[in-house]
Amino acid sequence: MTAMQLFQSNPLPTITWEKLPDDFILPDEPVDNNLQPLLAAALRESLELAGLILESMLIASNFGLCATVKTQTVVKAPDWVYIPSVKPIASGEIRRSYTPHLQGEIPAIVLEFI
């Protein structure tokens, strides 16, 4: 089977960027790696000490990144994520998750610590 035949028989899934429903229950899984919070804090602090953190950025640990694959909502929470520019949220609102394209730029850095 050629690469083109393989691609045609297994097309890429449709991915859309839709707001996470307000009633969606985010998984609350414990952190397996004891060093993960320290590594995440060190990464953030290095950016802060260099004066590279802006109010428009989103830097988070174990924070839900959302997409809709085919018709299923998928949420992944990487150990550390850096997004250069996100849209502001209303005063008093809490950002529960992040949907690229819909709420701002795509993540520039996504890390999983091993």
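Among contacts in the protein between residues at least 6 apart in sequence, what percentage join residues at least 24 apart? The share is 61%, where a contact means heavy atoms within 4.5 Å.

The model is predicted: local features need pLDDT of at least 70, side-chain atom pairs count only at pLDDT 80 or more, and totals for chains, interfaces and linings use all residues. Residues are numbered from 1 along each chain as its sequence is written, and side-chain values use heavy atoms, with hydrogens and water left out.

The protein contains two helices and seven strands, in the order α-β-α-β-β-β-β-β-β along the sequence. These elements are DSSP runs numbered from the N terminus: helices are H or I with at least four residues, strands are E with at least two.

Of the 114 residues, 25% are buried. Buried means under 20% relative accessible area, exposed over 50%, and partly exposed in between (1.4 Å probe, protein chains only). The protein exposes about 8,300 Å², and carbon and sulfur atoms supply 60% of this area. Accessible areas come from the Shrake-Rupley method with a 1.4 Å probe; for residues, only the protein chains shown count as cover.

| Residue | Loop | Relative accessibility |
|---|---|---|
| L12 | between α1 (3–9) and β1 (15–16) | 66% |
| W17 | between β1 and α2 (36–49) | 34% |

L12 counts as exposed because its relative accessibility is 66%. W17, at 34%, is partly exposed.
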